[in-house]
Amino acid sequence: MTISSTQAIPQTSAIPEHVAIIMDGNGRWATRRHLPRTAGHAKGVQAVRRVVEACGRRGVRYLTLFAFSSENWRRPAEEVSLLMRLFVQALEREVGKLDGQGVRLRVIGDLSPFEPRLRDLIEQAQARTAHNDRLHLSVCANYGGRWDILQATRRMLADNPGLVQTPERIDEATLSRYLSMAWAPEPDLFIRTGGEQRISNYLIWQLAYTELFFTDRYWPDFGAQELEEAFEWYRTRERRFGRTSAQVDAADKR
């Protein structure tokens with residue numbers, strides 16, 4: 001299990017090891033073109049393909065995409081239904097390509113509200129790609145950061161009921177191993193497209209020391225060039241993790 005960045009200083013490099021993205025702006029991309037919002041979501045699937053391929057080429061080891069939040073159920077029923085159909089279609093069409101590219105797919109979130117067909121496809125896709133290690137692709141679906149912390153707390157207490165009487169024994173390592181992405185390092189770089197500048201209940205535990213990059217570009221227009229621009233910005237960041245600049249310089253010279 002990866003050690004928390006608030007407990008230890010992680011290794012960093014010019015290319016982020018873990019990139020987390022909120023894929024925002026599909027509907028607005030379509031509206032500006034006088035198209036139905038659903039057309040923007042369909043176009044966004046192509047952007048996913050471009051970014052997955054670009055991350056694989058650049059040596060990114062973990063890519064986590066926010067596809068559907070626990071709050072997105074509030075959207076119009078027609079749009080939610082379309083998103084579910086797109087999810088099914090993407091699993092049917094893309095998993096073979098992902099497997100061929102050495103990508104391991106995981107779907108993160110509360111999957112219980114999804115229809116059995118979708119849950120079966122998710123299970124099959126995860127099993128098919130489980131042997132891959134080139135790029136770990138996580139798709140967050142019906143996911144929320146607060147839900148993640150709550151479910152981790154509940155599972156931790158279910159496995160260790162004695163902690164109720166001795167809460168002082170609970171530390172970050174104890175809780176974090178129950179988070180839905182406990183197997184992955186914390187994100188180095190967070191990207192949000194579409195112009196909004198908030199994290200929207202996404203990986204709120206894991207983003208404690210992540211560099212946050214916001215772009216006005218809508219997700220359907222995002223690709224390898226835009227990803228490289230985010231990487232260039234990331235390389236300008238001084239990742240101090242609580243240290244001074246002088247300490248960072250001294251550590252880099254060792």
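Me: What order do the elements of the protein chain run in from the N terminus on?

Reply: They go β-α-α-β-α-β-α-β-α-α-β-β-α-α. That's 8 helices and 6 strands, where helices (H or I, at least four residues) and strands (E, at least two) are DSSP runs numbered from the N terminus. By the way, this is a predicted model, so local features need pLDDT of at least 70 and side-chain atom pairs count only at pLDDT 80 or more, while totals for chains, interfaces and linings use all residues. Residues are numbered from 1 along each chain as its sequence is written, and side-chain values use heavy atoms, with hydrogens and water left out.

Me: Why is Asp24 called buried?

Reply: Buried means under 20% relative accessible area, exposed over 50%, and partly exposed in between (1.4 Å probe, protein chains only). Asp24 has 14%, so it counts as buried. Asp24 sits in the loop between strand S1 (18-22) and helix H1 (26-32).

Me: And why does Glu211 count as buried?

Reply: Its relative accessibility is 10%, so Glu211 counts as buried. You'll find Glu211 in strand S6 (residues 211-214).

Me: Which feature does UniProt place at Asp24 and Glu211?

Reply: The unreviewed UniProt entry puts "binding site" there; such annotations may be inferred rather than shown by experiment, feature names are shortened, and positions follow the numbering used here.

Me: What is Glu211 in contact with, leaving aside its neighbours within four places in sequence?

Reply: Contact means heavy atoms within 4.5 Å. On that basis Glu211 is in contact with Asp188, Leu189, Phe190, Trp233, Tyr234, Arg237 and Arg239. With sequence neighbours left out in the same way, the contacts of Asp24 include Arg192, Tyr218 and Trp219.

Me: Which residues touch the most other members of the largest nonpolar core?

Reply: A nonpolar core is a set of buried Ala, Val, Leu, Ile, Met, Phe, Trp, Tyr and Cys residues joined through side-chain atoms within 4.5 Å. The largest has 43 residues, and Ile21, Leu63, Leu91, Leu137 and Ile191 touch the most other members. Helix H3 (residues 77-100) gives the largest share, 8 residues. A second, separate core of 13 residues includes Ile22, Phe66, Tyr143 and Met181.
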